[in-house]
Amino acid sequence: MARSKSLPTAARFYLVLMGLFLVGPFVPLVIQSFAFQWDWPNLLPSEWWFTARDRARLPLGWDYVLSPYSRLGEAVVNTVVIGGATTLICLAICLSAARVLAREQFAGKRAVEFYLSLPLIVPEAAVGLALSVIFVRVGLAGSYAGIIIAHLIPTIPYMVRLLTAVYQGLDPGFEEQARVLGANRLQALRLVTMPMLLPGILAGCLFTFLVSTNLFLLTFLLGQGKIITVPTLLFAKIAGGSLDASAAGIALVATLPGIALLLVSERLLDGRIGMVAR
Amino acid sequence: MLLRRHFLFVASLLASTTAVMADEAAAGFRAQFLAGNLSWDDVLTQARSEGAVQFFYWGGDDNLNVWMDSVVAPAMAALGVTLVANRITATKDAVDLVIADAAAGRTIGDGSVDAIWLNGENFYTLKQQDLLFGSFARALPNAVNFEWEAADARSQLNLRDFGTLTDGAEVPWSGEQYVCAANRAQLPVAQTPHTFEDLRAYLEANPGKFAYIKPPHYLGNTFVQQVLYAFNPDGTGAEPFQQAIADLGAAELARLVAPGFAYLKQIEPLLLGGPQGAVRYPEDAAAAEGLFRNSEIHINCGFGLYAVATKRANGSYPQTAEEIIFPAGNMIKNKNYLAIPANAPNPAAALVLANYMSSVDAQVTKLDLVGYPAGIDPWTLELADAAALAAAAPAHFGVTQDELDANIAPDTNASLVDVIEATWLEYIERGSRLPLEEIVANAVAKLAP
């Protein structure tokens, strides 16, 4: 298929517009991260970071961001570990919950569904403040376990809804067919159900991971300032000072886990969907 | 603010239901130390056995972070204590943490905060709630680096924090002074305002080219206090504002602040956005700095005796920025401190940290690398140490240290700060038509405990 040739002019125009819309906000951020002094009315920095760094006595701009003093490495590791753990636990909880919600009928099902989406309605601050008081008492405050538990609260509703929809779209007949043809339960799960669920699971995991890595308030309240993640580091940086070169650098690094994951999952999903379609 | 109130409310709900947890060893150490039964070697030994110190400080300054990790951490490690430097977004977060721990029944040896960098209302909050370790400052070996003699007026900054008696429950760490910077690209030396009347004249010629940060931000409060000092109808400046509201009385306060508030009302149409009919007060220092950098305002004020040098060096101020003497005779000077909470998990290590921070070495490197003025008092030091401190000081631009020293004024009493802030919000921001006496009286009544 020669897709690129058949695109009408209007569609190309919108594609370019969309591209600009997505990339646009990054442009000033990238420039700022390399700027030493960038003030109105100059369209570009009047002095760049690399000409000023020689006379600076302390690390400046990217030198600071990439030095151990910025603690960015620690924050990235924390963010990824917390996001990864949250995603796996969330998946384990939601996979079975979604199967029941999609396939079974029982009294109070509507109520359970509503209950599961409550965290989307209750403000993060209300949950965080109450949790932090409870966690201080039980000794979970300022621990990884406490933060991961807290991150499950806003991520479970998304994951459950997504997986429920995926299960609903999966005809139980496929599994039955596999069993009739001689597959045991495990084989049916491994060879039939899982491959068909996988695109949905990957999408759910991606979403959960991105939500978790962007949570500021819950992490901040329950981490007690002891556990830093990229969002808390960025907030500490821009809350007191302006968006200077090092803040812009940290902001750019903050987008990396998301972009990396999007690229990886894009490849995985492409392959999987192709396989299922075959 | 709202968030914090909710938090404290939830915390206090749980307070009454929780059993008290205490660490016997830490409690014993505290009692012995405060009674003066321990030598400094005993403290060092105890600190080594505690192993770590949880220090909480505002982490928004790259230079400070570098200094903390590259100078303080190795120095503490040499004393056998691991510095856990928790960088926080706002000081009150650490104060809230202390309160939440206390509400959960965590006392000495059992909390999560060993030391906090703070001053003003955050210290006042901890003191009011009786959440401070106790009087330790004068028991530190480096206490000799401070002026404690009450007869010497210069000791006031060590004895009082925004009018609240420090009682040795916090030790001075840095000094600060409210200094304004002018961009010489727009504001020639000859037109530099030195008094508030000068400022009005400048703004009449250049409308909209000044802004002060909006109270209740402490920088906005400070600007308002300086106006009130300058327009004090008795001509006694900051003096009456050192008293607590209970001693001063609402009627007297209203009389003292009336001319100052009249001035603030008068210049409002000349401030940023005023000529366009929508006056704009920047929300915080970052916003004001952005306005200054982009030439929307010609003068930017804030705490930072060496801020112009630091900001010129890191690109956040134009190279044409210079310091000015404004408001003459009323540049508020204060100190900020290190406090140890009552539920410090490692109280001995916290004392060792406080003592190190009060050393000449720490103060000289901090001044040199971070540009924070010394918290110790140079006249109490050996000549060589005082000279090292003086040599480490960053440069001034356009003014001299002597001129800056000659124009200082003290902070306003912490109990008046809230009343003045509430009056500003009612009189200036909401444009209330009530007489000023009534606004002040209402604010006093509302804030009464």
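**View 1. Helices α9(B) and α11(B) lie oblique to each other.** In this predicted model, the axes of α9 (residues 218-230) and α11 (residues 250-267) of chain B come within 7 Å and cross at roughly 120 degrees. Axes here are lines fitted to C-alpha atoms over the stretch in contact, with angles from 0 to 180 degrees between N-to-C directions. Under 35 degrees would count as roughly parallel, over 145 as roughly antiparallel and 65 to 115 as roughly perpendicular, with the rest oblique. Look for Val224(B), Val227(B) and Leu228(B) of α9(B) against Val257(B), Gly260(B), Tyr263(B) and Leu264(B) of α11(B); contact means C-beta atoms, placed from the backbone, within 7 Å.

**View 2. Helix α9(A) has a kink at Thr155(A).** The bend is about 45 degrees and comes shortly before Pro157(A); it is the angle between axes fitted to the seven residues ending there and the seven starting there. The 25 residues of this helix (144-168) should span 36 Å at 1.5 Å a residue, and the end C-alpha atoms, 35 Å apart, agree with that; the expected span is 1.5 Å times one less than the number of residues.

**View 3. Chain A meets chain B.** The contact takes 32 residues from chain A and 40 residues from chain B. On the chain A side, β1 (35-37), α8 (124-138) and α13 (230-240) each give two or more residues, and α8(A) gives the most, with 7 residues. Helices (H or I, at least four residues) and strands (E, at least two) are DSSP runs, numbered from the N terminus.

Residues are numbered from 1 along each chain as its sequence is written, and chains are lettered from A in the order written. Local features need pLDDT of at least 70 and side-chain atom pairs 80 or more, while totals for chains, interfaces and linings use all residues.

Note on methods: Two residues are in contact if their C-beta atoms, placed from the backbone, lie within 7 Å.
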